Amino acid sequence: MKRILEFKFPFYRFAGLDLCNCYASIYLFLQGVIADNTDYYCQAMTEKSCNDCWKCADSLQEKSERLNQMFGMIFDGRWTTQRDSWTGEKTKIQKELTGKYSDFDVKTMQEMDFLTGFTGYNYNKITKGLKESVISSIDASNPVIAKLKIGEIFRVIIGYDGDMLVEPDYRPADNAPDTNNPTSYDEIEYLYVFGKKIPQRYSFLDVLKAMENVMGSDFAEGIWYDIKHNVFSGNACDLSVLEVKKRFSRFYDLMDMMPNRGHSIRLPFGDKDLLKGLGVDVCKYRELVDVIENQGHLLHERGYMLMAISTCIINLSQNDADNFPWDKLGLVNAAEQIFELLIDCDMQVLLAIKKAIRQGESIKVYLDIC
């Protein structure tokens with residue numbers, strides 16, 4: 001017996017084969033998502049690293065990236081809503097999330113429950129009769145997710161050929177396995193098989209509440225203002241060149257993540273079709289979508305600006321023991337003003353999220369009363 005599904009749904013190129021990456025690819029398949037751009041060259045598919053050529057724009061690869069960022073915002077926001085402390089110690093919310101998801105099995109169970117509940121698909125976890133379950137699912141035209149016994153690794157099964165399993169081309173995902181050496185049944189701990197479309201058990205409001213939980217905690221803890229104090233307190237011209245360079249070296253490390261985080265937070269909100277497919281009333285949330293898309297773009301650009309200014313300060317050819325030169329003070333002042341604008345970006349996003357949650361909850365209460 002042999003059957004192989006026509007599966008051409010890519011995996012996110014900057015992630016390994018975790019549950020979110022595998023489920024995003026399967027979700028695109030189950031939804032029958034199509035894209036305008038289907039024929040492009042990707043050097044990351046030829047064992048080279050991604051060079052940000054963006055030839056994959058408007059492709060399923062971009063859809064996969066947007067889904068992964070949306071799913072990431074649900075669980076921890078590491079690449080979107082989280083902000084890092086000046087000291088490098090975990091923030092309050094990072095400690096909370098680390099504790100919540102410290103047990104891999106519990107984390108996986110919660111992730112699968114939310115992902116399927118949010119996207120509206122039934123699923124079953126299979127620990128026995130693996131071969132029979134794979135054949136039944138593939139014959140029903142549904143791919144399968146397999147959890148391997150070793151490590152926190154998943155695989156996607158798109159077909160079978162006798163006792164052999166067939167997997168998709170995982171490239172350009174990080175550490176993509178060689179599909180010429182497919183996974184065997186003996187390597188599998190359990191399977192996730194998917195059924196029919198069902199009503200959503202979780203809504204877009206739940207996603208927004210997860211975002212608010214992270215961003216609200218960081219503002220309440222004063223993460224941004226602690227960074228501002230440590231970088232910009234005092235008159236730079238009264239400080240040594242070494243001290244200013246030391247401050248901006250740490251500042252650069254923190255800003256290094258901001259372009260990616262700004263880019264990642266705006267991606268899902270810029271795809272109206274993707275949001276509609278996830279049950280989001282785009283018209284009702286138009287203000288929220290516009291704010292996050294616009295402010296995410298500004299976070300991206302202002303992050304790069306601050307990295308550039310920091311680099312200029314760090315590379316100044318000055319005696320470290322001298323006071324910071326007054327004719328270079330403009331670099332510090334510019335960085336401070338741009339940083340304040342960057343803080344405002346996050347604040348605008350958080351306020352828009354809070355407003356949308358209140359709006360959504362008010363509508364829900366009204367509908368429940370009616």
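Predicted model: local features only at pLDDT ≥ 70, side-chain atom pairs only at ≥ 80, totals over all residues.
**Entry 1: the three-stranded sheet.** I began with the open sheet, in which three strands follow the order S1-S5-S6 with antiparallel pairing. I noted strand S1 (2-4) and strand S6 (164-166) as its edge strands, since each of them pairs on one side only. From one strand to the next I found a twist that averages 30°. Looking at the pairing itself, I found that strand S5, residues 159-161, is joined to S6 by three bridges in the antiparallel sense, and that tyrosine 160 has leucine 165 of S6 standing opposite.

**Entry 2: the helix across that sheet.** I then asked which helix lies across S1, S5 and S6. I found helix H5, residues 130-139, there, and its direction runs at about 120° to S5.

**Entry 3: strands that pair with S7.** I turned next to strand S7 (residues 188-197), which pairs with strand S2 (residues 121-126) in the antiparallel sense over five bridges. In that pairing I located tyrosine 121 opposite lysine 197 of S7. I also looked up strand S3 (residues 144-148), which is joined to S7 by five bridges and runs antiparallel to S7; here lysine 147 stands opposite tyrosine 190 of S7.

**Entry 4: the packing of H1 and H4.** Two packed helices are described by the angle between their axes and the distance between the axes, and I looked up both values for this pair. The axes of helix H1 (residues 19-31) and helix H4 (residues 104-119) come within 11 Å of each other and cross at roughly 25°. Because angles under 35 degrees count as roughly parallel, I recorded H1 as roughly parallel to H4. I noted the crossing of H1 and H4 as right-handed. For the contact, I listed Leu19, Cys20, Tyr23 and Tyr27 from H1, which meet Thr108, Glu111, Met112, Leu115, Thr116 and Thr119 from H4. Sorted by class, the residues of this contact between H1 and H4 are six nonpolar, three polar and one charged.

**Entry 5: salt bridges.** How many salt bridges does a search of the whole structure find? I recorded 17 salt bridges from that search. Side chains of opposite charge can pair when their charged atoms come close, and I took one pair for a separate look. The side chains of glutamate 62 and arginine 66 meet in a salt bridge, at 3.0 Å from N to O. I placed both glutamate 62 and arginine 66 in helix H2 (residues 60-75), where they lie four residues apart, about one turn of the helix.

Note on methods: Residues numbered from 1 in each chain as written. Heavy atoms only, no water. Pairing = 2+ DSSP bridges. Helix = DSSP H or I, 4+ residues; strand = E, 2+ residues; numbered from the N terminus. Axes fitted to C-alpha atoms, helices over the stretch in contact; angles between N-to-C directions. Contact = heavy atoms within 4.5 Å. Parallel < 35°, antiparallel > 145°, perpendicular 65-115°, else oblique. Left-handed = near helix turned anticlockwise from the far one by under 90°. Nonpolar A, V, L, I, M, F, W, Y, C, P; charged D, E, K, R; others polar. Salt bridge = Lys/Arg side-chain N within 4 Å of Asp/Glu carboxyl O.
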